[in-house]
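Let's take a friendly walk through a protein model, one group of residues at a time.

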Amino acid sequence: RGEVLLLRHTYKRCRPWGLPAGWLRGREDPAAAVERELAEECGFRARILRPLRVDASPAWPQLDIVYLCAADGGSFVPSPEVSDYGWFAPQHLPDLEPRQRDILHAALKA
């Protein structure tokens, strides 16, 4: 529908809204981690469409792997990490970290 899922993260004070994210477990497939993290954090399911980009983090020694996904069911369940969710039109995004806004613009172009 041209909207993006954003989560309200409980651990982010300045800009709590952001993309679903998480960490890989040892030897875990990155696409499987996306599905697992989304289910754990908020109860939703996603269908992985394709990798979108890989970035080196400017602040940490890590790689960020971003996937373009489509909603595939589930129901919102809050967790210790996520208190709320929203589907946002690109012109009505909440205040996001600049890096996340860049990722969203790349996803919308895709």
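Which backbone nitrogen lies 3.2 Å from a polar atom of the side chain of S57? The nitrogen belongs to W60. Before we go further, keep in mind that this is a predicted model. The side chain of S57 also has a polar atom 3.3 Å from the backbone nitrogen of A59. To find S57 in your view, look in the loop between β3 (44–56) and β4. S57 has a relative accessible area of 12%, so it counts as buried. Leaving aside residues up to four places away in sequence, S57 touches Q62, D64 and R99.

Now follow the chain onward into strand β4, which spans residues 63–74 and includes L63. Is L63 buried or exposed? With a relative accessible area of 61%, L63 is exposed. L63 is also part of a nonpolar patch on the surface, together with V54 and I65.

Next, look for the aromatic rings. How many aromatic pairs does the count come to? The count is four. In one of them, the ring centres of W17 and F88 are 5.3 Å apart and the ring planes stand at 75 degrees, so this pair is edge-to-face. W17 sits in strand β2 (residues 17–18) and F88 in strand β5 (residues 82–88), so the pair ties together parts that are 71 residues apart in sequence. Both W17 and F88 are buried.

The rings of F44 and Y85 make another pair, with centres 5.0 Å apart and planes at 75 degrees, so it is edge-to-face. F44 belongs to strand β3 and Y85 to strand β5, so here the pair ties together parts that lie 41 residues apart in sequence.

Finally, turn to the charged side chains. How many salt bridges does a search of the whole structure find? The search finds eight. One of them joins the side chains of E40 and R25, at 2.9 Å from N to O. This pair links distant parts of the chain, with E40 in helix α1 (residues 30–42) and R25 in the loop between β2 and α1, 15 residues apart. E40 is partly exposed, with a relative accessible area of 42%, and R25 is partly exposed as well, with 47%.

Another salt bridge connects R36 and E37, at 3.2 Å from N to O. R36 has 14% relative accessibility and so counts as buried, and E37 is buried too, with a relative accessible area of 11%. Both of these bridges have their residues in a network of salt bridges that links R25, E28, R36, E37 and E40.

Key:
Residues numbered from 1 in each chain as written. Predicted model: local features only at pLDDT ≥ 70, side-chain atom pairs only at ≥ 80, totals over all residues. Heavy atoms only, no water. Patch = residues over 30% accessible without salt bridge, like charges linked within 9 Å, V, L, I, M, F, W, Y side chains within 5 Å. Areas by Shrake-Rupley, 256 points an atom, 1.4 Å probe, with all protein chains shown as cover. Salt bridge = Lys/Arg side-chain N within 4 Å of Asp/Glu carboxyl O. Helix = DSSP H or I, 4+ residues; strand = E, 2+ residues; numbered from the N terminus. Buried < 20%, exposed > 50% of the residue type's maximum accessible area, 1.4 Å probe, protein only. Polar contact = N/O pair within 3.5 Å; in protein donor to acceptor, adjacent residues only side chain to side chain. Contact = heavy atoms within 4.5 Å. Phe/Tyr/Trp six-rings, centres within 6.5 Å; stacked < 30°, edge-to-face > 60°.
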